[in-house]
Amino acid sequence: MASASATSTLLKPNPPPPHKPTIIITASLSPPLRHTLLLRRDFLSLTAASTLILTQFLAPSPASAAEEDEEYVKDTSAVISKVRTTLSMERTDPNVADTVAELREASNSWVAKYRKEKALLGKASFRDMYAALNAVSGHYVSFGPTAPIPAKRKARILEEMETAEKALSRGR
């Protein structure tokens, strides 16, 4: 009997282990999958072409770039005159706090508008104007609207305003 049971176990094949997955490789893609890949390729091509076309139409024209430069010069000149007016006021003037508030509002809007313009970041006028506005705003935030600006800081701010005006007049 021992030999009969031994032969019966030898004749039965062992089943494959259950944890090994069976991989089926096909040489060609099925038609629905081919259709899906074609649509994806077409979609990507159309997206790239439409992006290229839109960037050509939405790019600023030289005329609008000149208008933006004119607007920048006008806005910057207005802020420079507000800074000079504010710095020339006496601290006993009753309108100092209101003038400082107007200056801070104008400088904040100027910075918010032009800081994100990549073309202006390298300009000397922008750099000097930004530094001057930062110094003025920092002083009034730290010491209040009625605190006088120290002579050294005031001289540096006025010098930066002068160089910004010169750079503006030269288109820099």
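Tutor: The account below goes from the chain as a whole to helix H5, and then to a residue of another helix.

This is a predicted model, in which local features need pLDDT of at least 70 and side-chain atom pairs count only at pLDDT 80 or more, while totals for chains, interfaces and linings use all residues. Residues are numbered from 1 along each chain as its sequence is written, and side-chain values use heavy atoms, with hydrogens and water left out.

The chain has six helices and zero strands, where helices (H or I, at least four residues) and strands (E, at least two) are DSSP runs numbered from the N terminus. Read from the N terminus, the order of elements is α-α-α-α-α-α. Of the 172 residues in the chain, 23% are buried, a term that means under 20% relative accessible area, as against over 50% for exposed and in between for partly exposed (1.4 Å probe, protein chains only). Among contacts (heavy atoms within 4.5 Å) with a separation of 6 or more, 67% join residues 24 or more positions apart.

Helix H5 covers residues 124–143 and has 20 residues. From first C-alpha to last, H5 reaches 29 Å, close to the 28 Å expected at 1.5 Å a residue; the expected span is 1.5 Å times one less than the number of residues. The buried residues of H5 include Phe126, Met129, Leu133, Val136 and Tyr140, and also the polar residues Ser125, Asp128, Ser137 and His139. After H5 comes Gly144, which has a positive phi, near 95°.

Ser125 counts as buried because its relative accessibility is 0%. Its side chain makes a polar contact with the side chain of Tyr72 at 2.9 Å; such a contact is a pair of N or O atoms within 3.5 Å, and within protein one must be able to donate a hydrogen and the other to accept it, with residues adjacent in sequence counting only if both atoms are side-chain atoms. Neighbours within four places in sequence aside, Ser125 is in contact with Tyr72, Ala164, Ala167, Leu168 and Arg172.

Thr99, in helix H4 (residues 96–114), is also a buried residue, with a relative accessible area of 16%. A polar atom of the Thr99 side chain lies 2.8 Å from the backbone oxygen of Asn95. Not counting residues up to four places away in sequence, Thr99 touches Thr86 and Met89.
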